[in-house]
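Hi everyone, thanks for making time this morning.

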Amino acid sequence: MTTTQRKSPTLYRGVVSSRSGSKTIKVVLNYLTKHPKYGKMLKRRTVAHVHDENDAAQVGDKVDICKCRKMSKTKSW
């Protein structure tokens with residue numbers, strides 16, 4: 001029987017925007033995308049609800065996040 005290598009999880013880097021509740025933070029992920037017709041680069045962002053077990057992150061900190069199992073309705077990072 002052969003073993004397969006599991007892919008390492010994709011890490012995303014973002015900035016903590018708020019501490020919403022116990023063990024939860026909101027992280028803003030900024031990225032650029034190209035407009036499909038005109039080609040201009042557009043700034044976009046995604047807000048992710050992230051599990052913070054130790055409540056260590058503060059507003060403004062840069063953090064690396066990766067996907068995990070679903071912790072609640074909105075929290076899966």
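Predicted model: local features only at pLDDT ≥ 70, side-chain atom pairs only at ≥ 80, totals over all residues.

Let's start with the strands. S1 is joined to strand S2, residues 24–34, by three bridges, and the two run antiparallel.

Now follow the chain onward. S2 also pairs with strand S3, residues 41–51, again in the antiparallel sense, over 11 bridges. Here you can pick out Ile25, whose bridge partner in S3 is Val50. The hairpin of S2 and S3 has six residues between the strands, and in this one Gly39 has a positive phi near 80 degrees.

Let's turn to the aromatic rings. How many aromatic pairs does the structure hold? One. Tyr12 and Trp77 make up that pair, in an edge-to-face arrangement, with 5.4 Å from centre to centre and 85 degrees between the planes. The pair links distant parts of the chain: Tyr12 sits in strand S1, residues 12–18, while Trp77 lies in the segment after strand S4 (62–65), 65 residues apart.

And are these two residues buried or exposed? Trp77 counts as buried because its relative accessibility is 17%, under the 20% cut-off. Tyr12 has 37% relative accessibility, so Tyr12 counts as partly exposed.

That's my tour, and I'm happy to go back to any part of it.

Conventions. Residues numbered from 1 in each chain as written. Heavy atoms only, no water. Phe/Tyr/Trp six-rings, centres within 6.5 Å; stacked < 30°, edge-to-face > 60°. Helix = DSSP H or I, 4+ residues; strand = E, 2+ residues; numbered from the N terminus. Buried < 20%, exposed > 50% of the residue type's maximum accessible area, 1.4 Å probe, protein only. Pairing = 2+ DSSP bridges.
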